[in-house]
Amino acid sequence: ITANAASQYDPSADAWNVGYIHAIGMYALYDGYIVKVYDAGGDILWDAEACDMKACSMVMEGIAGRMRAKYPYSHGKFTTQDIPMLQNGRNIGMVSVGYYSPYFFDDDDFLFLDALNTVLAGSGILSLLLAAVMGWILARNVSDPIRKTVDAAKRMSAGDYETRIEDRSDVRELDELTASVNSLALSIRRQEDLRKQLTADVAHELRTPLTTIGTHIEAIMEGVWEPTKERLASCYDEILRIGRLVLDMENLAKVESGDLKLDMTPVNLAELAETTIHNFETQIRAKRLNVSAEGSCGPVTADRDRMSQVFVNLISNAVKYTSEGGIIKVVFSETDEAVFFDVSDDGEGISADDLPFIFERFYRADKSRGRATGGSGIGLAVVRSITSAHGGAVEVESSPGCGSRFRVKLPKTA
Ligand code: ADP
């Protein structure tokens with residue numbers, strides 16, 4: 001206001017353009033400022049109150065009324081401020097501006113503030129509602145699967161191992177949790193099945209030879225049979241069968257109990273394989289199998305007797321499950337860290353359904369076949385326990401009709 005008023009002075013004519021100053025003053029009045037303009041001599045050039053007293057009082061009352069209504073504690077009042085007018089550094093007069101202090105808002109400002117407050121309050125309420133809805137959805141997404149998992153775990157602890165959680169959630173960690181509980185249920189059920197199977201198997205394995213021995217001895221005692229050498233030999237064979245089964249179980253218990261003491265010495269695996277193949281000469285000949293060992297590897301530090309057991313179990317399986325004229329190969333290879341040997345055959349193979357379980361104890365792919373071949377389903381469990389006790393691993397590839405390949409990996413520095 002002051003600068004505009006100052007620019008209305010013409011120094012060459014020492015005259016003021018009072019018409020413009022009037023316009024400036026009236027505009028200022030409608031903005032809420034009561035202006036008085038003085039020249040350098042202190043004479044009044046223009047005075048808003050003198051010009052339109054009624055408008056001035058209306059403006060001031062309007063502002064004061066609105067401010068007191070909206071901000072009752074602002075304690076505002078009208079003040080006047082004198083501001084000198086300068087032109088090129090020369091004092092050419094003074095403007096006295098009266099206004100509602102310390103601040104005031106006009107109608108437009110109030111409208112703007114009201115609109116702003118409405119928008120802020122509205123968006124605040126909307127955000128709260130949105131957050132509440134989102135929170136509810138999220139909480140439900142998380143708590144639902146957790147509740148179902150807890151229910152499933154309770155059912156499992158009550159002995160229901162068939163229970164599965166089918167629902168999928170959008171949270172990866174929860175999916176992992178439900179998947180773990182599902183696989184836990186599966187493995188508990190498998191263990192349970194194996195436990196039942198074990199009891200059934202042991203009972204069956206023992207019953208057959210015991211019945212044979214019992215009936216033979218009974219017949220001999222009652223004088224129905226003569227105690228001939230053949231009859232006694234047949235009883236003895238059955239006793240040996242029971243002994244083998246008990247030994248297998250003992251071996252497994254020892255290997256699986258974890259207190260297996262390994263007698264580590266440098267072992268030539270190729271030589272062990274040759275010896276084992278040699279020991280199976282009778283069965284190999286009977287089935288006219290083609291058995292060979294290929295490749296080589298340096299000596300490894302291992303327990304010789306236990307490794308020999310690994311070869312015996314793998315090669316005897318290959319011999320058992322390969323039909324006449326089949327081919328069996330033991331192939332050695334090595335890397336910087338480990339040695340490998342594969343025992344492969346072109347026998348009957350193992351179905352994909354059985355493959356994941358054949359290393360479980362007492363698991364036989366074909367129950368009747370296993371019994372017919374004299375297997376008790378312990379051999380591969382022993383192989384796995386021995387290799388892992390050496391820090392190694394055993395894996396299998398097989399498909400029905402195409403043979404099987406068992407690969408054993410042993411670290412060089414066990
Ligand atoms: P088993 O004493 O019955 O042979 P194992 O633990 O050695 O017990 O083997 C478990 C099952 O794995 C066997 O019953 C057989 O069905 C299957 N299996 C093992 N080796 C072979 C193989 N080379 N070819 C086909 N099936 C095999």
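The shell around the ligand in this predicted model consists of nine nonpolar, seven polar and four charged residues. Of the 20 residues around the ligand, the ones that come nearest are N317, Y321, D345, A365 and L380.

| Residue | Protein atom | Ligand atom | Distance |
|---|---|---|---|
| K320 | side-chain N or O | oxygen | 3.1 Å |
| G379 | backbone N or O | oxygen | 3.3 Å |
| S404 | polar side-chain atom | nitrogen | 3.3 Å |

On its own, the ligand has 530 Å² of accessible area, and the protein covers 98% of this. The most is given by α10, which supplies three residues to the shell.

A separate site is T178, which is found in helix α6, a helix made up of residues 172–221. Is T178 buried or exposed? The relative accessible area of T178 is 7%, so T178 is buried, the cut-off for this class being under 20%. When neighbours within four places in sequence are left aside, T178 is in contact with T149 and I165.

Conventions. Residues numbered from 1 in each chain as written. Predicted model: local features only at pLDDT ≥ 70, side-chain atom pairs only at ≥ 80, totals over all residues. Heavy atoms only, no water. Near = heavy atom within 4 Å. Polar contact = N/O pair within 3.5 Å; in protein donor to acceptor, adjacent residues only side chain to side chain. Areas by Shrake-Rupley, 256 points an atom, 1.4 Å probe, with all protein chains shown as cover. Helix = DSSP H or I, 4+ residues; strand = E, 2+ residues; numbered from the N terminus. Nonpolar A, V, L, I, M, F, W, Y, C, P; charged D, E, K, R; others polar. Buried < 20%, exposed > 50% of the residue type's maximum accessible area, 1.4 Å probe, protein only. Contact = heavy atoms within 4.5 Å.
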